[in-house]
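Thanks for making the time this morning.

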Amino acid sequence: MVQINLNLVFTIINLLILYLLMKKFLFGPIMRVMDERKAMIEQQFQTAKETEDKANELRQHYEDALKSAKEESYQIVEQARQEAKLQSDRSAREAEERTETMLASAREDIRSERENAMRQMQSEIGKLAMEAAAKIMESESGAEKDLALYDQFIKKAGDPDDNSGR
């Protein structure tokens, strides 16, 4: 049969006491420290995740702001182009209108000058014709005399076919 030795019982009791003491003074504090460290690590992971989420949110905000700024700058450039085109068209229209006005004015001046010149020529021709008629009446009539008067009249009035004087 199995005999239980007293030493063996004391050794088992000593081991149980040693286990209980180690559990209370060694394993308990070590487990508590390990649980605290685990909680601290989990908290750090949570903080890191929150920080990363905030960073992603800020990055998204800045990307949206940058996109908005690009769109706004594109709109400003496009608006400036449209305004420049409108200004250019307006300037061209105004220049064309001024040119048309100047041409109309010049045509009117030319017409007026032509009418004045025609009136003056008619007046001069009338005077020359009167002078010629007066000279014919004063002097005796003859073919040579008439031809001389005609030549004198042509010299004063100017020959329309003669382009040398113009």
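This is a predicted model: local features need pLDDT of at least 70, side-chain atom pairs count only at pLDDT 80 or more; totals for chains, interfaces and linings use all residues.

Let me start with Leu-16, which is exposed, with a relative accessible area of 52%; here buried means under 20% relative accessible area, exposed over 50%, and partly exposed in between, with a 1.4 Å probe and protein chains only. Leu-16 sits in helix H1, where helices (H or I, at least four residues) and strands (E, at least two) are DSSP runs, numbered from the N terminus.

Residues are numbered from 1 along each chain as its sequence is written, and side-chain values use heavy atoms, with hydrogens and water left out.

Leu-16 belongs to a nonpolar surface patch of about 1100 Å², whose other members include Ile-4, Val-9, Phe-10, Ile-13 and Phe-25. Patches are made of residues with over 30% relative accessible area and no salt bridge, like charges being joined within 9 Å and nonpolar side chains (Val, Leu, Ile, Met, Phe, Trp, Tyr) within 5 Å.

For the chain as a whole, there are two helices and zero strands, and of its 166 residues, 2% count as buried. The accessible surface comes to about 15600 Å², of which 59% belongs to carbon and sulfur atoms; the areas come from the Shrake-Rupley method with a 1.4 Å probe, and for residues only the protein chains shown count as cover.

Now to the charges. A negative surface patch is formed by Glu-94, Glu-96, Glu-97 and Glu-100, and Glu-97 is found in helix H1, which covers residues 6-138. In this count Lys and Arg are positive and Asp and Glu negative, with His and the chain ends not counted, and the place of a charge is taken as NZ of Lys, CZ of Arg, CG of Asp or CD of Glu.

How many salt bridges are there? The count comes to seven, a salt bridge being a side-chain nitrogen of Lys or Arg within 4 Å of a carboxyl oxygen of Asp or Glu.

One of them joins Glu-63 to Arg-59, with the closest N and O atoms 3.2 Å apart. Both residues lie in helix H1, four residues apart, about one turn of the helix; Glu-63 is partly exposed at 39%, and Arg-59 is partly exposed at 44%.

Another joins Arg-81 to Glu-78, where the closest N and O atoms are 3.6 Å apart, and these two are three residues apart in helix H1. Here Arg-81 is exposed at 52%, whereas Glu-78 is partly exposed at 27%.

Lys-85 forms a salt bridge with Asp-89, at 3.2 Å between the closest N and O atoms. Lys-85 is exposed at 54% and Asp-89 partly exposed at 32%, and because they are four residues apart in helix H1, about one helical turn separates them. Further along, salt bridges that share partners join Glu-108, Arg-111, Glu-115 and Arg-119 into one network.
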